[in-house]
Amino acid sequence: MNGPLRRVLIWLGWILGIPALLAAGLIAWGWLDMNGIHTRIPDRYLIPKGYVGQVKIQFSASGTPGLQIENRRRIFPIGSDGTLRTSSNYEDTYRHKGYGWAKDDYFYVDGGRLSELRNCGWCEEEMIWTPMFEYPHQGGPPTENLAGSETFFVGTRSDFCKLDPERVYNVYK
């Protein structure tokens, strides 16, 4: 088959084939997302109003309360010294839902009032810096009942740059 008919069929194949592939991809993504494969329970960090400095959360700390879940979010009530010790295992959320994406949020707390802290990547109003997770295992997949910790800095870009100028040199200028 040569000539114009062949060109029309090729053209129709492209016109119909690309949308069909895109539709199949979207359907597959939706199915995976509905089954919790790409998501996890989001975290909400409650930080005392006015606190500026490093926050450290220690997981699997015996004799301490576990994290509560409210409105499908794990609640992290940070103490006035910037620390939280919890008996909850860091891996709990991930073991049940798989590793994945979630929109965590950070708030200053004053009594019962919440003021959201900006966590916008690299914007000027950023208030949450360098969230890091430390695992007790090196290499290989996480296993059950391992302690871990999470740290991040709360404050303005200027506050953060004073913390460790070597660490923030050109990235935040």
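The structure is a predicted model, in which local features need pLDDT of at least 70 and side-chain atom pairs count only at pLDDT 80 or more, while totals for chains, interfaces and linings use all residues. Residues are numbered from 1 along each chain as its sequence is written, and side-chain values use heavy atoms, with hydrogens and water left out.

## Overall build

The secondary structure of the protein chain comes to four helices and nine strands, where helices (H or I, at least four residues) and strands (E, at least two) are DSSP runs numbered from the N terminus. Read from the N terminus on, the elements follow the order α-β-β-β-β-β-α-β-β-β-β-α-α. Of the 173 residues, 32% count as buried; buried means under 20% relative accessible area, exposed means over 50%, and partly exposed lies in between (1.4 Å probe, protein chains only). The chain exposes about 11,200 Å², of which carbon and sulfur atoms supply 60%, with accessible areas taken from the Shrake-Rupley method with a 1.4 Å probe, and with only the protein chains shown counting as cover for residues. Among contacts with a separation of 6 or more, 66% come from residues 24 or more positions apart, a contact being heavy atoms within 4.5 Å.

## Strand pairing

Strands of a sheet pair through backbone hydrogen bonds, either parallel or antiparallel. In this report two strands pair if DSSP finds at least two bridges between them. Four strands form an open sheet in the order S5-S2-S9-S8, and the pairing is mixed. The edge strands are S5 (83–85) and S8 (128–134), each of which pairs on one side only. From one strand to the next, the twist averages 10°, based on axes that are lines fitted to C-alpha atoms (for helices over the stretch in contact), with angles that run from 0 to 180 degrees between N-to-C directions. Strands S8 and S9 run antiparallel and are joined by five bridges; methionine 132 stands opposite threonine 151 in S9.

Strand S1 takes part in two parallel pairings. Four bridges join S1 to S4, and arginine 44 has isoleucine 75 in S4 as its bridge partner. S1 also pairs with S6 in the parallel sense over five bridges, where isoleucine 47 has tyrosine 108 in S6 as its bridge partner.

## The nonpolar core

In soluble globular proteins, nonpolar side chains tend to be buried together. A nonpolar core is here a set of buried Ala, Val, Leu, Ile, Met, Phe, Trp, Tyr and Cys residues joined through side-chain atoms within 4.5 Å. The largest such core has 18 residues, and those that touch the most other members are Ile47, Ile57, Phe76, Leu117, Phe152 and Val154. Two or more residues of this core come from each of S1, S2, S6 and S9 (149–154). Leucine 117, leaving aside residues up to four places away in sequence, touches Ile47, Tyr106, Phe107, Tyr108, Met127, Ile128 and Val154.

## Salt bridges

A salt bridge is a side-chain nitrogen of Lys or Arg within 4 Å of a carboxyl oxygen of Asp or Glu, and by this rule the count comes to three.

| Salt bridge | N to O distance |
|---|---|
| Arginine 74 and aspartate 43 | 2.9 Å |
| Arginine 44 and aspartate 105 | 2.8 Å |
| Arginine 73 and aspartate 105 | 3.6 Å |

Arginine 74 lies in S4 (residues 73–77) and aspartate 43 in S1 (residues 43–48), so this pair ties together parts that are 31 residues apart in sequence, and both residues are buried. Arg44, Arg73 and Asp105 are linked in a network of salt bridges. Aspartate 105 counts as buried at 7% relative accessibility, and arginine 73 is buried too, whereas arginine 44 is partly exposed, with a relative accessible area of 21%.

Most residues other than glycine have a negative phi, and most peptide bonds are trans.
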